[in-house]
Amino acid sequence: TSFSSKSDVKFEDRFDKYLDPSFFQHRIHWFSIFNSFMMVIFLVGLVSMILMRTLRKDYARYSKEEEMDDMDRDLGDEYGWKQVHGDVFRPSSHPLIFSSLIGSGCQIFAVSLIVIVVAMIEDLYTERGSMLSTAIFVYAATSPVNGYFGGSLYARQGGRRWIKQMFIGAFLIPAMVCGTAFFINFIAIYYHASRAIPFGTMVAVCCICFFVILPLNLVGTILGRNLSGQPNFPCRVNAVPRPIPEKKWFMEPAVIVCLGGILPFGSIFIEMYFIFTSFWAYKIYYVYGFMMLVLVILCIVTVCVTIVCTYFLLNAEDYRWQWTSFLSAASTAIYVYMYSFYYYFFKTKMYGLFQTSFYFGYMAVFSTALGIMCGAIGYMGTSAFVRKIYTNVKID
């Protein structure tokens, strides 16, 4: 005899009993979004105020100086960001690594956007592993993005070894992810854990890297080099770099880098708690609308913070803004990783070598990818800002 009874629940709603709305739609979740939103408004206001006030004041001063005779101009106080106009578009140090990081960051951003949109439309949480396979597929498909941004930036910075740059750009993220996965895999095999990745899967991933990611990256690189690879800077670059003057300790790039990540981390850290919980504690994450909002907020906060940091740096007559803007945005990842330590010791009940290495290994990958993404977003925004302020300056 069969004991099947008819269920009144429609098929598409059957998964809902595994979801935990009281957890994800908790008041704190809404509150954190609102909080971050207020921060965005404040920061955007701050950046537009900096732009309006300082630039208008500076432009007024500079155009007044045009009218002075040479004697006055020699005595006049020339200072601030206009001083470094001959060095600000100098190629960054280590342009090969820099452009590969920017390309990878743009690709991670594209992947995050597409995967979140797909997850909002399709219920990806209903099948195990569908999220991961979607992410891998989208990552492989968006490789031209990486090639385009990385390749064009490298060409603009006068890089010659573009094939090497393309290889580094293409394999930076896959090597990091696969390296960590292989390391954790050895421990998993030693413990006979079900989390061990089968050999066939490893071979498949390597094939995707060589036969999908690399060719698509090559296409992107060639497009990037040919379409936007010409250096078209608003200011001439001087032959001799000017010395960077002494400045207060808090204007040093290292300090700016450490401080830069605090606000972006503050805007996402409640969401990090929910993401970690769905990742490590059997809650099924399904509020992708929240995630989309948080991603948008993160981008705006990151760009605003790096623009403010860069403006202070250029005013201190330090023109090393490329790495500073990238790293001050990427330092968000350090705070996320530090938060993951807190989460591990106070929120999870994990122990033992396997669980610990599994947790911290994959958290390191997650944090690094997040950092590279934020860094690229920060650099792109700052680059547009720097071009904007130097385009309008009359330079004798």
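Analyst: Happy to. A word on terms to begin with: helices (H or I, at least four residues) and strands (E, at least two) are DSSP runs, numbered from the N terminus. By that numbering, Phe 34 lies in helix H2. This is a predicted model, where local features need pLDDT of at least 70 and side-chain atom pairs count only at pLDDT 80 or more, while totals for chains, interfaces and linings use all residues. Residues are numbered from 1 along each chain as its sequence is written, and side-chain values use heavy atoms, with hydrogens and water left out.

User: Thanks! How many helices and strands are there in the protein?

Analyst: There are 14 helices and zero strands. Along the sequence the pattern reads α-α-α-α-α-α-α-α-α-α-α-α-α-α.

User: And what percentage of the residues is buried?

Analyst: Buried residues make up 46% of the 396 residues. Buried means under 20% relative accessible area, exposed means over 50%, and partly exposed is in between (1.4 Å probe, protein chains only).

User: Which residues form a nonpolar patch on the surface?

Analyst: Ile 28, Phe 31, Phe 34, Phe 37, Met 38 and Ile 41 do, with about 600 Å² of accessible area together. Patches are made of residues with over 30% relative accessible area and no salt bridge; like charges are joined within 9 Å, and nonpolar side chains (Val, Leu, Ile, Met, Phe, Trp, Tyr) within 5 Å.

User: Let's go inside. How many residues has the largest nonpolar core?

Analyst: It has 93 residues, and those with the most contacts inside it are Phe 276, Leu 314 and Tyr 390. The largest share of this core, 18 residues, comes from helix H11 (residues 288-315). A nonpolar core is a set of buried Ala, Val, Leu, Ile, Met, Phe, Trp, Tyr and Cys residues joined through side-chain atoms within 4.5 Å.

User: What does Phe 276 touch?

Analyst: Not counting residues up to four places away in sequence, the contacts of Phe 276 include Val 336, Tyr 343, Met 363 and Phe 366. Contact means heavy atoms within 4.5 Å.

User: Now, where is Ser 36, and is it buried or exposed?

Analyst: Ser 36 sits in helix H2 (residues 27-67) and counts as buried, at 5% relative accessibility. The side chain of Ser 36 reaches the backbone oxygen of Ser 267 at 2.9 Å. That is a polar contact: a pair of N or O atoms within 3.5 Å, where within protein one must be able to donate a hydrogen and the other to accept it, and residues adjacent in sequence count only if both atoms are side-chain atoms.

User: And what does the side chain of Thr 277 reach?

Analyst: The backbone oxygen of Tyr 273, at 2.7 Å. Thr 277 lies in helix H10 (residues 262-280) and is buried, with a relative accessible area of 4%.

User: Switching to charges: how many salt bridges does a search of the whole structure find?

Analyst: Five. A salt bridge is a side-chain nitrogen of Lys or Arg within 4 Å of a carboxyl oxygen of Asp or Glu. In one of them, Asp 87 pairs with Arg 90, with the closest N and O atoms 2.5 Å apart. Asp 87 and Arg 90 are both buried.

User: Which residue forms a salt bridge with Asp 318?

Analyst: Lys 247, with the closest N and O atoms 3.0 Å apart. Asp 318 lies in the loop between H11 and H12 and Lys 247 in the loop between H8 and H9, so the pair ties together parts that are 71 residues apart in sequence. Lys 247 and Asp 318 also belong to a network of salt bridges with Glu 252 and Arg 320.

User: One last stop: where is Pro 234 found?

Analyst: In the loop between helix H8 (199-228) and helix H9 (253-260). Pro 234 is partly exposed, with a relative accessible area of 34%. Leaving out residues up to four places away in sequence, Pro 234 touches Phe 89, Arg 387, Tyr 390 and Thr 391.

How values were computed:
Areas by Shrake-Rupley, 256 points an atom, 1.4 Å probe, with all protein chains shown as cover.
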